[in-house]
Amino acid sequence: MMWLMRLVLFDIDGTLVDCGPSVRRIFTGAMEEVFGTAGPIDGYDFSGRTDDEIVLALTAAAGLRTGDVRRRLPLMKGLYLERLGRLLDPSEMRVLPAVKALLDELAARADVCLGLLTGNWRDGARTKLGRVGLDGYFEFGAFGDGQPNRLGLPAVALDRAAAVTGRRWRKDECLIVGDSLADVACARANGIPSLAVATGRTPAEQLAAAGPRWLVEDLVGQWSHPAFAPMTA
Ligand SMILES: [Mg+2]
C-alpha cells in the first residue's frame, strides 16, 4: 500500500513573510543602474510574478528591446542579489502570523513534505527566508530563475521533489499555498489544489473569485486545516 502524503509548496512574499520596503528599493536601484530605467515600477504589483517576469514587463513598458534586456539581465540580477544579501534588514521584515508554528507542525509530520514555489530568484529566496530563520524548513523548491511566468514552476517543483524524496508525486497530492491571484491561477492551470491566504496585497474577496480550493484569512491555527491533510477529500 502506498503511503498517503501531502507535498506542500509555499510561496514566500505575502504568504510566509513581508519583507518591508527595502526589497522594492533595491530592485529599483539595480534596474536603474543596469537598464537606465525601472519603467513604471511605482504602480507595479509584484504579487505572484517571477523576478524575470518583473524585469521583462517593466523594461518592455519602458520601450526597451527584449534582446538587450535579456543580455543585461544577469548583471542586474547579480547587483540585486548582492545588495539584497547585504542590505535586507530583518528589523523591517515581518514573519506573517503563525507561520513558524505552522511550519514546525508540518515539518514534524511524517505524511507532509515541504517545498517552495516562488517567483523569487533562488538566492533572493534564500536571503529573505534566511534573514528571519525560515530557510531550514525547505529542502527544495522551484524559483523564478529563467522563468518568464509562474505557470512553469510546478513542473520544476515536482521534478525537484522527485529527486529529493525519491517519490513521483501526483498533482492531487500537492498543495500550493499562496497569497496572490497568480498563485491560484498557477495552481488551477496545473491541476493542483490551492490554499489561498489573504495576508498579502490581494483581499480575500478577490482571491475567492479566482477559485482556490481553499481560502483563509491567515495561517493562524491552520495546522489542522483539511488542506494539509494527506489527500484531497
Ligand atoms: Mg506572494
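A residue is called buried here if 20 or more other C-beta atoms lie within 10 Å of its own, and the legends below use the word in that sense for a predicted model.

**View 1. Strand 1, with residues pointing both ways.** Strand 1 covers residues 6-10, and it is mostly covered, since 5 of its 5 residues are buried. Arg-6, Val-8 and Phe-10 point one way from the strand, while Leu-7 and Leu-9 point the other way, and all are buried. In a regular strand the side chains alternate between the two faces of the sheet. Strand 1 pairs in the parallel sense with strand 4 (residues 112-117), over 5 bridges, and within strand 4 the bridge partner of Arg-6 is Val-112.

View 2. With strand 1, strand 6 pairs in the parallel sense over 4 bridges; Val-8 stands opposite Leu-175, and Leu-9 has Ile-176 as its bridge partner. With strand 7 (residues 194-197), strand 6 pairs, again in the parallel sense, over 3 bridges, and here Val-177 has Leu-195 as its bridge partner. Strand 6, helix 7 and strand 7 together make a right-handed β-α-β unit.

**View 3. Helix 2 and the elements that cover its buried residues.** In helix 2 (residues 51-61), the buried residues are Asp-51, Asp-52, Ile-54, Val-55, Leu-58 and Thr-59. These residues cover an arc of only 165° around the axis, which puts them on the same side of helix 2. An α-helix has 3.6 residues a turn, so residues three or four places apart point the same way. What covers the buried residues of helix 2 includes helix 1 (22-35), helix 3 (66-87) and helix 5 (122-131). Just after helix 2, Gly-63 takes a positive phi of about 85°.

**View 4. The contact between domain 1 and domain 2.** The domain assignment divides the chain into domain 1 (6-19 + 93-228) and domain 2 (22-90), and the C-alpha centres of these domains lie 23 Å apart. Their contact takes 26 residues from domain 1 and 16 residues from domain 2. On the side of domain 1 that touches domain 2, the elements that give two or more residues are helix 5 and helix 7 (181-189), and helix 5 gives the most, with 5 residues. The residues on this side of domain 1 divide into 7 nonpolar, 13 polar and 6 charged.

**View 5. Gly-20, in the loop between strand 2 and helix 1.** Gly-20 has its place in the loop between strand 2 (17-18) and helix 1. It is partly exposed, with 15 other C-beta atoms within 10 Å, a count that falls between the limit of 12 or fewer for an exposed residue and that of 20 or more for a buried one. Leaving aside its neighbours within four places in sequence, Gly-20 is in contact with Glu-92 and Met-93. Gly-20 and Glu-205, by comparison, are 185 residues apart in sequence and 24 Å apart in space, C-alpha to C-alpha.

Conventions:
Residues are numbered from 1 along each chain as its sequence is written. This is a predicted model: local features need pLDDT of at least 70, side-chain atom pairs count only at pLDDT 80 or more; totals for chains, interfaces and linings use all residues. The arc is that of the directions from the helix axis to the C-beta atoms. Two residues are in contact if their C-beta atoms, placed from the backbone, lie within 7 Å. Domain bounds come from an automatic or database domain assignment. Ala, Val, Leu, Ile, Met, Phe, Trp, Tyr, Cys and Pro count as nonpolar, Asp, Glu, Lys and Arg as charged, and the others, Gly among them, as polar. Two strands pair if DSSP finds at least two bridges between them. A crossover is right-handed if, with the strands pointing away from the viewer, the path from the first strand over the helix to the second runs clockwise.
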